[in-house]
Amino acid sequence: MKPQLFNLVKMELYSAKKYLMWYFLVPIIYPALIRYQANLSALSYLVCIALVGYILCTGFAQSDEKYKTGIMLNTLPVKRKDIINARFISLYLVYVGITLVHILSKTILHFAAPHLYDAMNFSVIPAGIVFVSLFNAVQIPLYYIFDIRKSGIISIIVLFCLFALIVHFLEQAWIVAILVKMDTIIINFSLMIVAAIIFLIASSISKIIYKQKEF
């Protein structure tokens, strides 16, 4: 990672430090609310990371508005594409941390009360990455087009629509039948490729929008 990009990532994470504790409380507490029931345990990870994703993006936006980050950064010899790259990298770094905390929480709950809580389903992690990638692909460009309030409202709608779409997708018998026949490694590898493609598209669109934005 280039020094300039590394420093921008550090700045992004530092600006969110006030809220990081709350971000990590979600994966600590939320798994305890979902006891072992069919696919609810797997879906709990998706809900958990979606909640954190929304709160995190909102936190970054509020920090931008409060400290006029956009104006400040554009007075410095910093490339606009690096500003966008830093935001996306920061988000994914937090997602990694949230996932690790969620795994730890699930593991402790499972060992403490195996009759109530199942073990972490690691195969849901790639699906979670695709989910947050889709969410970021909508939320971040919207933030640079609209103000924080409008983009937040639209993002909430998109969040629920995406979640409803995933639930509907998993309820289709023919889709489940296909997934059951497929090798788990192939499914997860395919999901990671999809997540990478979404990331590249979302990042490129955000850079185009941000490049034309006036401060």
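In which helix is L179 found? Select L179: it is found in helix 8, where helices (H or I, at least four residues) and strands (E, at least two) are DSSP runs numbered from the N terminus. This is a predicted model, in which local features need pLDDT of at least 70 and side-chain atom pairs count only at pLDDT 80 or more, while totals for chains, interfaces and linings use all residues. Residues are numbered from 1 along each chain as its sequence is written, and side-chain values use heavy atoms, with hydrogens and water left out.

**Surface stop**

Colour L179 by accessibility. L179 has 30% relative accessibility and therefore counts as partly exposed; buried means under 20% relative accessible area, exposed over 50%, and partly exposed in between (1.4 Å probe, protein chains only).

Helix 8, residues 173–181, gives the most to the patch, with three residues.

**Whole chain**

Zoom out to the cartoon. The protein chain has nine helices and zero strands. The C-alpha atoms fill a box of roughly 55 × 35 × 35 Å along the principal axes. Of the 215 residues, 42% count as buried.

**Core**

Next, select Y45, L91 and Y144. These have the most contacts inside the largest nonpolar core, which has 47 residues. A nonpolar core is a set of buried Ala, Val, Leu, Ile, Met, Phe, Trp, Tyr and Cys residues joined through side-chain atoms within 4.5 Å. Helix 3 supplies the largest share of this core, twelve residues. Among the other elements that give two or more residues are helix 5 (80–112) and helix 6 (124–145).

Centre on Y45 and show its surroundings. Leaving aside neighbours within four places in sequence, Y45 is in contact (heavy atoms within 4.5 Å) with T99, H102, M120, V124, I125 and G128.

**Last stop**

Is S206 buried or exposed? Select S206 in helix 9. S206 counts as buried because its relative accessibility is 0%. Apart from neighbours within four places in sequence, S206 is in contact with I84, F88, I140 and P141.
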